[in-house]
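Thanks for making the time this morning. I would like to walk you through one structure, beginning with a single chain and ending with how its partner packs against it.

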Amino acid sequence: MNIWWLMLVCGAITFGIRYSFIAAEGHFQPPGWFRRLLPFVPIAALTALTAPELLLMQGEIILGAGNSRLWAGLVAIIVAAVWRNTLLTIGCGFLALFVLQRV
Amino acid sequence: MKAAEAFSLGLRAVMPILVGVVPFGVIYGVVALQSGIPALAAMAMSAIVFAGSAQFLLAQLVGVGAPLLLIAGAVGMVNLRHALYSASVAPILAHLPRRWKILLAYLLTDEAYAAAIPHILVVAPNSSRSAQAHWILFGSGFGLWAGWQLATLGGVLIGAQLPSNLDLDFALPLTFIAIVVPLIDSRARLLAAVTAGAAAVAMAAMPYKLGLFVAAMAGLVAGAAMPRRAK
């Protein structure tokens, strides 16, 4: 199999997915319910990416003290909710992870 | 806000994410070489496909000699969630010339979208047209793109000697937390987050990251379905 063909095909598919709605905008009138979903995209998509990173260890849900990333993540969630500062959130999250891994 | 300021805003917003993405890119370079992909092709992959988790899958499937159609289908499924980002930014980019739309679609990744979206919501509330929103997206997209290419180069050249257990990848979920939590300003949005998060954990075992896409869809529907009064 030619790796370069594979690359072009996969690049075209990936670009096509990313370009799909951007290209279609203005050429079709999306239904109202579709428009109502869109404001939730950042929250739903990014939480879907994040939750498994915090709750799962090797595919298992671990809620105990052994899951440092879960507790460090909860610290980050609280810091983000109170101070709404990106760098502070990341700093406190890493600090919490560092401490939790060593107690 | 001028175009240069908006570009710089996007670029700065993606910097914390690069802390997590660069080690990921280095590891991709190593995995690609181990799968028998030549160095030049491994780097070209980062430029042409430009999709982190799909490139990992691609390298693994090439390593086990999977057929082209299966690999292409798998890459498509892994990247399906990017259609949501495309739909999300489409109204904001509607007025732009096609070359801008093509450029920003090419750069539209989880990370670039995540970094740009809080700032886009400020300059273009309710998906209104804005003279600057596309420059913010270009700034975050370009920053991530440059970091990803350099990381791949690093992985291909010196990869295996780098320490891999530094927990730097944790920068990614932390940055997403920093972005998402301040956006949750209503019960409908909270419901969308909780639904998407719980569904993603429940469906984490689905192949090709399809669970992510289904979970995100579940979150969208849950948020939109909440009665307006309760919001």
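Chain B has 11 helices and zero strands, and, read along the sequence, its pattern is therefore α-α-α-α-α-α-α-α-α-α-α. Please keep in mind throughout that this is a predicted model.

On overall dimensions, the C-alpha trace of chain B spans about 55 × 45 × 35 Å along its principal axes. A compact globule with 231 residues would have a radius of gyration near 17 Å, and the 18 Å of chain B agrees with that. Of those 231 residues, 53% count as buried. If we take the contacts in chain B between residues at least 6 apart in sequence, 77% of them join residues at least 24 apart.

Let me turn to one helix, H9 of chain B, which covers residues 171-183. Its 13 residues, at 1.5 Å a residue, should span 18 Å, and the end C-alpha atoms are 19 Å apart, which agrees. How many of the residues of H9(B) are buried? The count is 12 of the 13, so the helix is largely enclosed by the rest of the structure. Among the buried ones are Pro173(B), Phe176(B), Ile179(B) and Leu183(B). What they pack against comes from both chains: H3, H4 and H5 of chain A, together with helix H1 (3-34), helix H7 (110-123) and helix H10 (187-202) of chain B.

That brings us to the contact between the chains, which takes 57 residues from chain A and 71 residues from chain B. On the side of chain A that touches chain B, the elements giving two or more residues are helix H1 (3-24), helix H2 (32-37), helix H3 (41-55), helix H4 (68-83) and helix H5 (86-100) of chain A. The largest share of that side, 18 residues, is from H1(A), and the side as a whole divides into 40 nonpolar, 11 polar and six charged residues.

Finally, the nonpolar core. The largest one has 117 residues, and those with the most contacts inside it are Ala44(A), Ala48(A), Leu58(B), Ala192(B), Ala196(B) and Ala216(B); H1(B) gives the largest share of this core, with 15 residues. Which residues does Leu58(B) touch, leaving aside those up to four places away in sequence? They are Met45(B), Val49(B), Ile71(B) and Val75(B) from chain B, along with Cys10(A) from chain A.

Conventions. Residues numbered from 1 in each chain as written. Chains lettered and ligands numbered in written order. Predicted model: local features only at pLDDT ≥ 70, side-chain atom pairs only at ≥ 80, totals over all residues. Contact = placed C-beta atoms within 7 Å. Helix = DSSP H or I, 4+ residues; strand = E, 2+ residues; numbered from the N terminus. Nonpolar A, V, L, I, M, F, W, Y, C, P; charged D, E, K, R; others polar. Expected span 1.5 Å × (residues − 1). Buried ≥ 20, exposed ≤ 12 C-beta atoms within 10 Å, placed from the backbone. Core = buried A, V, L, I, M, F, W, Y, C linked by C-beta atoms within 7 Å. Rg over C-alpha atoms; globule rule 2.2 N^0.38 Å.
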